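Let's walk through this fold together, one element at a time. Have the chain in view as you read.

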Amino acid sequence: MPLIIDEYEESYSIGKETRKWHDKLWVAIGDSLTEVNAKTSKNYCDYISEVSGISIKNMGVSGTGYMKFHNVGNAFYDRVQNVPQNADV
């Protein structure tokens, strides 16, 4: 059974060689839910990559968020300036 990525897009199945997001780069900025850490070997970014074919640059940093507290320079909006220019998503 194919996996529906978007109701307005065609269906994709795991293992299909040519997919809409193949050769695209997704930069994921987030906290511990995004960062690959000792608590998990895969996170949501990895699952999305497997299904869609998109490449990931994971910029997740555990313990951070939208605002600054003790982690000066690690708020989400601070990291946006370090997103590679070739990012598609």
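Two strands count as paired if DSSP finds at least two bridges between them; helices (H or I, at least four residues) and strands (E, at least two) are DSSP runs, numbered from the N terminus. This is a predicted model, in which local features need pLDDT of at least 70, side-chain atom pairs count only at pLDDT 80 or more, and totals for chains, interfaces and linings use all residues. Residues are numbered from 1 along each chain as its sequence is written, and side-chain values use heavy atoms, leaving out hydrogens and water.

Start with strand S1 (residues 25–28) and strand S2 (residues 55–58), which run parallel and are joined by 4 bridges. Within this pair, Ala28 stands opposite Asn58 in S2. From S1 the chain passes through helix H1 (residues 44–52) to S2, a β-α-β crossover that is right-handed: with the strands pointing away from the viewer, the path from the first strand over the helix to the second runs clockwise.

Now look at H1 itself, where Cys45, Val51 and Ser52 are buried (under 20% relative accessible area, with exposed over 50% and partly exposed in between; 1.4 Å probe, protein chains only). These residues lie on the same side of H1, because they cover an arc of only 135° around the axis, taken from the directions from the helix axis to the C-beta atoms. The buried residues of H1 pack against S1 and S2, contact meaning heavy atoms within 4.5 Å.

Finally, turn to the segment before S1, where Asp23 lies. Asp23 has a positive phi of about 70° although it is not a glycine, and Asp23 is exposed, with a relative accessible area of 66%.
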